[in-house]
Amino acid sequence: MRENKSIFTQIELPVVLLYLALTLIGWLSIYAAVYNEEHKSIFDISQRYGKQLLWIGLALVLGLFVMLTDTRFFNGFAFIIYLVTIGMLVAVLLFGSTIAGSKSWFQIGDFKLQPAEFAKFSTGLALAAFLNRLDTYISQTRTKIISIGIIVLPAILILMQYDTGSALVFSAFVLVLFREGLSPIPLILGLIAVVLFILTLYFSPLYVIIGIAVLLALSLFFTRRNIQVIMRLLAVFAVASLFVVSVGFVFDSVLEPHQRSRINVLLGLDEDLRGAGYNVHQSKIAIGSGGFAGKGFLQGTQTKFNFVPEQSTDFIFCTVGEEWGFLGTTVLIGLYMMLFMRLIRMAERQRSTFSRVYGYSVVSVLFFHFAINIAMTIGLAPVIGIPLPFVSYGGSSLWAFTIMLFAFLKLDANRLNVL
Amino acid sequence: MEGKKFNERRQIITLIILIVGGIFIVRLFFLQVINQSYKLSSQNNVLRFVTQYPARGTIFDRNGELMVYNEAAYDLLVIPRQAVIADTLAFCRLLKIDIESFRTRFEAARKYSRYRPSVFLEQISKEDYGYIIEKLYNYPGFFFQARTLRKYPRPIAAHVLGDVGEVNNNDMERDPVYKMGDYIGKSGLEKFYEKTLRGHKGMKIMMVDVHNREKGSYHDGIYDTLPITGKNVYLGMDARLQEYGEKLMVNKTGSVVAIDPETGEILALISSPNYDPNLLVGRARGKNFNELLNNPMKPLINRAIGGTYPPGSTFKMINALVALQTGSIDEGTRFSCQGKGSSPIKCTHSHVSPLSVQPAIENSCNPFFWNTFRSILTNPSLHGQKKALEYWHQKMLDFGLGHRFKTDIPFEVAGNIPSRDFYDKVYNGSWNAMTVRSLSIGQGEILVTPLQLANLAAIIGNEGYYYPPHLARRIGEENDSLPPHFTKKMETGIDARYYRLVKSAMLDVFEGGGGTARRFKIKEFQAAGKTGTAENPHGKDHSLFMAFAPYDKPKIAIAVVVENSGFGSTWAAPIASLMMELYITGEIKRPEMEQFLLENFPDPVEQ
């Protein structure tokens, strides 16, 4: 009784307000995106805004339930929740329905559920619970391997569902591990790999290898020239060259054709405005046509007339950009920035490793969604179909994000009770 | 130590997030505020500007009879992305096109845009439309757009009315009102009164979705404009007279021009050979146009305003009038047509000699008019032969010769009246009346158009003035809408009494016992005329005739030119006579003359 009372007084109110603001912006944008004269009632369940209103209502109920859950539940049941999720991911592979090319949905009547959305939550819990154990240190190889295993297992299962976007989200947990003491080298190596990958697609592998050789040769002038250094540089050269050579193979043989064309479009190597480039081109037109102050609520023409595909789900940012202009997009980005800053601050003030790791998981996953989704709509990232948290249309993702966020709010509100 | 390390990492993560947010805001600033091209793209995406074509103004004759009107025609449009054609052959049969044409048309449409409509088959007639529309539901992605085509109730006056065709690049450059696929007057009245006839296009702004489906009008249509129908043009032409003249001129090369002398309105303007104006309408236009263009008889040329002929004897009256006005001769002056006086130009007719001016016109005596012309050039009051020729040249211009009337159909030519400068150049300054003697009988460098010849008849009928000949009598519904130069009275500066002398001589051509056109005298009223036979270096002489009627108060002045047909009295005079009869009495009472004209004219190929 006493605990419950303290929950609602100690809850981080600004985060709740930011959450409500984002879902409201999301709902208004969905309303604008599918608005038409014939269905004006906002409760019209046949329309997406009507449904989203229902999803929001249910999400709030879910959030309330999460707030009323005993905090010990999250830590204590973390692995069980994780295993249940893994089981669901396997089950969806066996029994799931295929929607838009991804075999990642459970469909019961009209109701659809995507387990991958909840896997992010449970992976965060499992990772937090694992690192919370007294016998784990991130410096240990065993801890590293198990941590990465916890992250990669659901990612592989999701990848098998042909849902590349959701699988990529799990790479966000690298940030969590980094915060917990993982060497930044994997991050830097990853960055170098991406740069090399892009360079290889722009130029031929031979030129990139020559470039690497020249850079390494130059670095000789700035270091001691002994056998060890030279051997090391040669090793770096060999690995880099092998990587560069394999890029062509990976690109042509491993990636699906649509993934290849998306990357080509992004890099400007392919200007197929009717094909793969169409989404991004239309999305940029919609956002760009908004101008400084936007066209006004319900006045957007690009999104309303379906020029932008998926505009209420993955491309919802277009509606904001078109109807509210640069002001609107800046405000929205600002809201996210405030949310992320708040959450980082909250994560850092946790007394338990569990709460802190979980908090960073929430920030990382939300940030990854935010970054990739917006970058995609404004042509800075290839088209990876992941939703904008709290804003995009869709029950599964809204509920998953709500549970994730509110679990952290609960942990945070309860932090003083943690010994 | 530990805490500091992790604090650092917290800051790095914070920094990464803020940098990403910052990049987004900068990118959005460029995308939304700096770059303007996306705003344009969005308009092109969503707004479809649907042109509302106005009906083109129609053209009426002087009695209110419709000469050109609009008939609905339909363009078949296609949106390639939506097109579904189960049976291509059946579709081709339906549209009456071959499979090759189907492929090229469809490919062209697809090349233009897969999402936007483009014209697949243009100008489908009302009849075909009715047939096709019933089956069109089988072919999604195809739909009709209404256009109008010109239609001519009587297949006449093709040269006058002109034709309408699609604009070319030059037209669009000259006037940005025109867009690809618009129609524009290409010749004749359609070209001259294009701005009057075309009306104003309206614009309907529709919003379309990504599949190009119309989603209603933009801002409830407040930016839409309605098309404004083109103004009608009312002609002075008499459609019945025109049709009859064209009938008489069948198989003959030449032209007929009839003018209302009181107003300068053109009653008929015939150029032969001609063609059915309906040929240059619709889908066969291009093919038919090329056939007409390559026809060795050159039916596209409007000989009535673009053909030039030596006026021959019809010119003699003008010289007589100038000579009388300047006092170079008087009513009683006689010149002999035999002996010394006969040289250098012989008389071609046999008559009593010597003659005064009136019988000389009646008998078309060449030596008389040579002497007349010489007496003008040697008239002491005109200060020498060269000055005298300058004066004479000016007088010819006053008679409407040697310059354009700026009439209301294009491609009018000026003809030619040689000037003093011309002869100075040709003869190095040393020339005299003898050198330019052929001017006296309307030969040599003098060239006139049938329109000028008809106007000459009008001047004589009017006893000294004319209104520049023109086709339109009213533009639109308001009066006084004609270009002002059509209603400006032009004076020749020669006294009416001299005209009366010439007129009565011309009356004798019909009424006199020895008149060259006495066989074509009309019972119901008195007509006056003059034959002419113009020498032609290219073949047989041209037969010319000019006339006006009724004698006292002329209502019609007419000029007829029949190329390479010999004496003017043989072919040109009866045509003029019949046309004057029809115009004034409203009927033809001499069918045998008509019959003769239609049946006995030598086949041009045999000549």
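This note goes through a predicted model with chains A and B, point by point.

1. The coordinates are predicted. Local features are discussed only where pLDDT is at least 70, and side-chain atom pairs only at pLDDT 80 or more. Totals for chains and interfaces use all residues.

2. **The A–B interface: area and contacts.** Chain A and chain B bury about 3,600 Å² between them. Of that area, 75% lies on carbon and sulfur atoms. Chain A puts 47 residues into the contact, and chain B puts in 34 residues. How many salt bridges are there between chain A and chain B? The count is zero. Polar contact is present, though: seven residue pairs between chain A and chain B, both partners at pLDDT 80 or more.

3. Four helices of chain A each give two or more residues to the side that touches chain B: α9 (173–179), α14 (277–289), α15 (316–348) and α16 (353–377). Which of the elements gives the largest share? It is α15(A), with 13 residues. By residue class, this side of chain A divides into 26 nonpolar, 14 polar and seven charged.

4. **Five-stranded sheet in chain B.** Chain B has an open sheet of five strands, in the order β12-β11-β18-β17-β16. The pairing is antiparallel. Strands β12 (265–272) and β16 (528–534) are the edges, and each pairs on one side only. From one strand to the next, the twist averages 5°.

5. **The β17–β18 pair.** Within that order, β17 (residues 542–549) and β18 (residues 556–562) of chain B run antiparallel and share seven bridges. The loop between β17 and β18 of chain B holds B:P550. The peptide bond from B:A549 to B:P550 is cis, with omega near -10°.

6. **Strand β3 and its partners.** Strand β3 (residues 66–78) of chain B pairs antiparallel with β2 (residues 59–60) through two bridges. Here B:I59 stands opposite B:V68. β3(B) also pairs antiparallel with β5 (residues 142–151) of chain B, this time over 10 bridges. In that pairing B:Y69 has B:K151 as its partner. A further antiparallel pairing joins β3(B) to β4 (residues 118–124) of chain B by four bridges. There, B:L76 faces B:L121.

7. **The β2–β3 hairpin.** Five residues separate β2(B) from β3(B) in this hairpin. One turn residue, B:G64, has a positive phi of about 80°.

8. **Salt bridges.** Over all chains, the structure holds 45 salt bridges. One of them joins the side chains of B:E265 and B:R62, at 3.2 Å from N to O. Why does this pair tie together parts that are apart in sequence? B:E265 lies in strand β12 of chain B and B:R62 in the loop between β2 and β3 of chain B, so the linked parts are 203 residues apart in sequence. Side chains of opposite charge can pair when their charged atoms come close.

9. **Backbone points to inspect.** A cis peptide bond also runs from B:S272 to B:P273, with omega near 0°. B:P273 sits in the loop between β12 and α11 (285–294) of chain B. In chain A, what is phi of A:Y162? The value is near 60°, which is positive in a residue other than glycine. A:Y162 belongs to the loop between α7 (141–160) and α8 (164–169) of chain A.

How values were computed: Residues numbered from 1 in each chain as written. Chains lettered and ligands numbered in written order. Heavy atoms only, no water. Pairing = 2+ DSSP bridges. Axes fitted to C-alpha atoms, helices over the stretch in contact; angles between N-to-C directions. Contact = heavy atoms within 4.5 Å. Buried area = accessible area lost by both parts, 1.4 Å probe. Salt bridge = Lys/Arg side-chain N within 4 Å of Asp/Glu carboxyl O. Polar contact = N/O pair within 3.5 Å; in protein donor to acceptor, adjacent residues only side chain to side chain. Nonpolar A, V, L, I, M, F, W, Y, C, P; charged D, E, K, R; others polar.
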